[in-house]
Amino acid sequence: MADQYRRADWLVDRLRDVLTFYYPTGIDEEVGGYIAQLDEETGEIYDAESKHLVATTRYVVNCCLGARFEDQQPWLDAAEHGVEFLREGHYDPETGGYDWLLEGAETVDRKRVCYGHAFVLLAYARAHEAGIDGAREGIEATYDLLMEHFWEPAHHLCQSEFDGDFAEASAYRGQNANMHTCEAMLAAHKATGEARYLDRAREIAHALTVDLAGEHDGRLWEHYTESWDHDMDYNREKPKDLFRPWGYQPGHHVEWAKLLAILDRDAEVEWAINRAEELFEMAIEHGWDDEFGGFYYTFDRDGQPIVEDKYGWPVAEGIGAAAALSERTGDDAYLDWYDRFWEYAQTHLTAPGGNFYTKLTRANEPIDTDEGPAVEPGYHPIGACFEGLRSL
């Protein structure tokens, strides 16, 4: 039974299952762009207006990956539809930045967020690979913008956030935005062959997973001060914060394990694969729930769970990490985890429409998350299928 999860035809079907939950319902033919706010069980739209930058860009990435297989045209058309809205809806020609949140076609939050611009770069990279006109120029312009406004060369990392005019910067620094910037740089290198993107990915990865993690027994802390010191008090009172919870996140440990395995594949840096294996092991040791399965959301410095809720995305990232580590190391133990993650996902995380539930209780009961702008139109499970296909 478990072997089916490694078959290319099963992975392509599973990828398309997730895509078709959002398509064509999520295509906004009236305003442009996409609608990400679909009820996880029924697929009904509960908010047609909110258009989050992360949701728009992840939709583009998803459709570009869907277009790699047979019956390509609908997915290419859907990806082009999203790139057009990225340029005409989110893009601000006066600053070169991309607006964070729209209601319909109107901007309601124009702050400039590194996390969001990392996904803009990733979307253009996948669009260029798919052959969409103008995407190469989008890669170059977004890279230049990231370097001009967000990059801090003294730290080899990106700062997190500005106001809409890039005039005032937040003092907050975070690992999550840099992890996704690394991911986008790896994709930009793959799409263009240009070494500068791979060099930047290597710099970010070393600064976070070797230098800063070295100050915390190898673990990845989420929050930092303006001078990139560990900020152990940030959001201590908000352990369930969606983007910036207090504590270590096992999901980000396995996500970095995947990215470091890809870096090892593309750049052959000596330290990357060892750090990838260490981070994967930490996530399993402190984050995996042996009784009910799934990853806890966060754990503390003693390795004890803080928030026991289970999110879908960490398991998807675990699947990708296990697949990539299996390829890079040849160790069958990673294949065993790959199968175990998929078994858990199919049993507990998969909603009736084929998409992943966003969040479960510790005992794996779905939690209603249909509130506020959505940012997860199937990006992580589609990524898990994609990494399985290219690694196994």
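This is a predicted model: local features need pLDDT of at least 70, side-chain atom pairs count only at pLDDT 80 or more; totals for chains, interfaces and linings use all residues.
Residues are numbered from 1 along each chain as its sequence is written, and side-chain values use heavy atoms, leaving out hydrogens and water.

**Exercise 1.** Find how many helices and strands the chain has, and judge how compact the chain is.

*Solution.* Start with the count: the chain holds 12 helices and 13 strands (DSSP runs, numbered from the N terminus: H or I of at least four residues for helices, E of at least two for strands). Next, take the radius of gyration, which is 19 Å and close to the 21 Å that the globule rule gives for 392 residues, so the chain is as compact as a globular protein of that length. Here the radius is taken over C-alpha atoms, and the rule is 2.2 Å times the number of residues to the power 0.38.

**Exercise 2.** Work out what share of the chain is buried.

*Solution.* Buried means under 20% relative accessible area (1.4 Å probe, protein chains only). By that cut-off, 60% of the 392 residues are buried.

**Exercise 3.** Explore the largest nonpolar core and the surroundings of W342.

*Solution.* A nonpolar core joins buried Ala, Val, Leu, Ile, Met, Phe, Trp, Tyr and Cys residues through side-chain atoms within 4.5 Å. The largest one has 129 residues, and W256, L263, F280, F341 and W342 touch the most other members. Helix α4 (residues 114-129) gives the most to this core, with 10 residues. Now look at W342: leaving aside neighbours within four places in sequence, its contacts (heavy atoms within 4.5 Å) include Y5, W10, R14 and F356.

Conventions. Buried means under 20% relative accessible area, exposed over 50%, partly exposed in between (1.4 Å probe, protein chains only).
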